[in-house]
Amino acid sequence: MSKNYSAIFIPQEDFEWHNEDAWAVSSRFLIYVVADGVTAPATEELANPSPSKLVAELFCRSAIEFLEANFKNLSDQVISDTYQYANQTIKKFNERHKEN
């Protein structure tokens, strides 16, 4: 994945709970992406940064990148392809960071 996306992330330090959600806004087009990080009941101390938070942010960046690149041809198919692209990006991330 290239780093040519123009997403803007807003820090969420003021939240008192373990926030694993992410969102991004394109600075080039009217594009807004939200990802709901998966939260499991805490049975031990939670990792910081949360892997779920990192993946949610990766999803948002990937989606913004794909949508900006395809904005001139925006359609239902492009939206569907955006999900596939972002999910494939996460799959590659997971394969690189797999625990042995």
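## Core, salt bridge and ring pair

F59 touches V33, A35, Y83, A86, N87 and I90, leaving aside residues up to four places away in sequence. Contact here means heavy atoms within 4.5 Å. This is a predicted model: local features need pLDDT of at least 70, side-chain atom pairs count only at pLDDT 80 or more, and totals for chains, interfaces and linings use all residues. Residues are numbered from 1 along each chain as its sequence is written, and side-chain values use heavy atoms, with hydrogens and water left out.

**The core.** F59 also belongs to the largest nonpolar core, which has 18 residues. V33, F59 and C60 have the most contacts inside this core. Strand 2 (22–26), strand 3 (32–35), helix 1 and helix 2 (76–96) each give two or more residues to it. Helix 1 gives the most, with nine residues. A nonpolar core is a set of buried Ala, Val, Leu, Ile, Met, Phe, Trp, Tyr and Cys residues joined through side-chain atoms within 4.5 Å. Helices (H or I, at least four residues) and strands (E, at least two) are DSSP runs, numbered from the N terminus. In soluble globular proteins, nonpolar side chains tend to be buried together.

**The salt bridge.** A search of the whole structure finds one salt bridge. The side chains of R28 and E68 form it, at 3.7 Å, N to O. R28 lies in the loop between strand 2 and strand 3 and E68 in helix 1, so the pair ties together parts 40 residues apart in sequence. The criterion is a side-chain nitrogen of Lys or Arg within 4 Å of a carboxyl oxygen of Asp or Glu.

Helix 1 spans residues 51–69 and includes E68. The E68 side chain also makes a polar contact with the side chain of S26, at 2.5 Å. A polar contact is a pair of N or O atoms within 3.5 Å; within protein, one must be able to donate a hydrogen and the other to accept it, and residues adjacent in sequence count only if both atoms are side-chain atoms.

**The ring pair.** Four aromatic pairs are found in the whole structure. The rings of F29 and F71 have centres 4.1 Å apart and planes at 20°, so this pair is stacked. F29 sits in the loop between strand 2 and strand 3, F71 in the loop between helix 1 and helix 2, 42 residues apart. Rings of Phe, Tyr and Trp (its six-membered ring) pair if their centres lie within 6.5 Å; planes under 30 degrees apart count as stacked, over 60 as edge-to-face and the rest as tilted.

**Exposure.** Buried means under 20% relative accessible area, exposed over 50%, partly exposed in between (1.4 Å probe, protein chains only).

| Residue | Relative accessible area | Class |
|---|---|---|
| R28 | 51% | exposed |
| E68 | 5% | buried |
| F29 | 25% | partly exposed |
| F71 | 26% | partly exposed |
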